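Have a look at the model first, then work through each step with me.

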Amino acid sequence: MTTTTAPAAGTVAPRHPAPVRRPSLLRLTHVELRKLVDTRAGRWLLITIGLVVVAIVTLLLIYAEESEQTFFTFFVTSLLPVNVLLPVLGILSITSEWSQRTALTTYALVPRRERVVAAKLIAVVLAALASVLVTLAVATVGTLVASATGGAGTWKVDAMLIVNGAIVQVVGVLMGAAFGLLLLNPPLAIVGYLLLPTLWSVLGELVRPLRGPAGWLDTSRTMEPLFTSDVTGEQWARLGVSLLVWMVLPLAAGLVRTLRREVS
C-alpha cells in the first residue's frame with residue numbers, strides 16, 4: 001500500500017510549465033504582412049507600386065485622347081506596370097529570411113518550415129489583392145476627374161475583367177515567390193524570373209520548332225487574354241500549362257529545397 005506525503009508547511013508545490021502553443025497560421029501571416037512593411041525594401045516597393053498607379057492614371061489624363069479616358073483604360077493600363085513590380089515583392093518576401101540572416105531565429109521559433117512558407121505566400125497574395133483595390137480606387141478617381149474635365153469618363157467595364165485582373169496580379173506575385181523559393185537569393189531570383197521567361201519568349205519567336213510549344217509555355221502570351229473579359233477554354237488550358245511550368249514546379253522544388261536546407 002502506497003501513501004502520499006503532503007508538502008511540508010511553508011513549501012510551494014512545484015508547478016508544471018504550461019504547454020507552449022505553436023503560433024496559428026493567421027498569426028504567422030500577420031507577422032509576414034508586417035515584415036513587408038517593416039523592411040526598407042518591402043516598404044519602398046509598396047510605396048512605388050502606389051505611386052506608379054497614380055502616375056499612370058495622371059499621364060493618361062494629360063496625354064490620352066478624351067475618348068480613351070475611361071475606367072476600363074485607367075484600370076487595365078495600370079495593371080501592367082504593377083504586374084512587373086509585384087513578383088519582386090514576392091521574391092523579397094520569400095528570400096528575406098536568408099538574405100537578412102534571420103532564418104535561424106525564424107525556424108527555431110517555428111520548426112515546421114512549410115507553415116512559414118505558407119504564411120509568406122498568403123501574405124504576398126493579400127498584398128497583390130490589395131494592389132488591385134488600389135488600382136480600382138485610383139482608376140475611379142481618374143474617371144471622376146475625366147468626367148469633370150471633358151474626358152469620356154465612362155464606367156462601362158465587365159466585372160469579369162476585374163476578376164481576371166486580380167488573377168493576373170496573384171499569379172505574378174506567386175511566380176516571383178516561386179523563383180525566390182527555388183533560388184533563395186534575391187538578386188539571383190530576380191534575374192532568373194526576368195531572364196528565363198523572356199529568353200523562352202524570344203526563342204519561341206526565333207526558332208520555328210519552338211513556336212508551337214511557346215504558345216502553351218510563354219506566360220506573356222498565355223496571360224494576355226486575361227486583360228479582356230472573354231477568355232476561352234483553350235486559353236485557360238494554355239494558361240494552366242504555362243503556370244504549371246513557371247509557377248507550380250518551381251514552388252514544389254523550392255519548398256523541398258527550403259525544407260532540406262541547413263540553417264547556419
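**Exercise 1.** How do the residues of the lining of the second largest pocket divide into nonpolar, polar and charged?

*Solution.* Before we count, note that this is a predicted model, where local features need pLDDT of at least 70, side-chain atom pairs count only at pLDDT 80 or more, and totals for chains, interfaces and linings use all residues. Residues are numbered from 1 along each chain as its sequence is written, and side-chain values use heavy atoms, without hydrogens and water.

Step 1: find the lining. 13 residues line the second largest pocket, and Leu28, Val31, Lys35, Leu109 and Val110 lie nearest its centre.

Step 2: sort them. The lining has 6 nonpolar, 2 polar and 5 charged residues. (Ala, Val, Leu, Ile, Met, Phe, Trp, Tyr, Cys and Pro count as nonpolar, Asp, Glu, Lys and Arg as charged, and the others, Gly among them, as polar.)

Step 3: trace the source. Helix H1 (25–38) and helix H4 (103–109) each supply at least two lining residues, and H1 gives the most, with 7 residues.

**Exercise 2.** Which helix supplies the largest share of the lining of the largest pocket?

*Solution.* Step 1: get the setting. About 420 Å³ of space lies in the largest pocket. Of its 16 lining residues, Asn83, Tyr193, Thr219, Ser220 and Met223 are the closest to the centre.

Step 1: H3 (71–99), H6 (159–183), H7 (186–206) and H9 (219–222) each supply at least two residues.

Step 2: The largest share, 5 residues, comes from H7.

Notes: On a 1 Å grid over the protein atoms alone, a cavity is a set of points where a 1.4 Å probe fits but cannot get out, and a pocket is an open set with protein on both sides within 12 Å along at least five of seven lines; lining residues have an atom within 4 Å of a point. Grid points are joined across faces, edges and corners, and a volume is the space filled by probe spheres set on the points. Helices (H or I, at least four residues) and strands (E, at least two) are DSSP runs, numbered from the N terminus.
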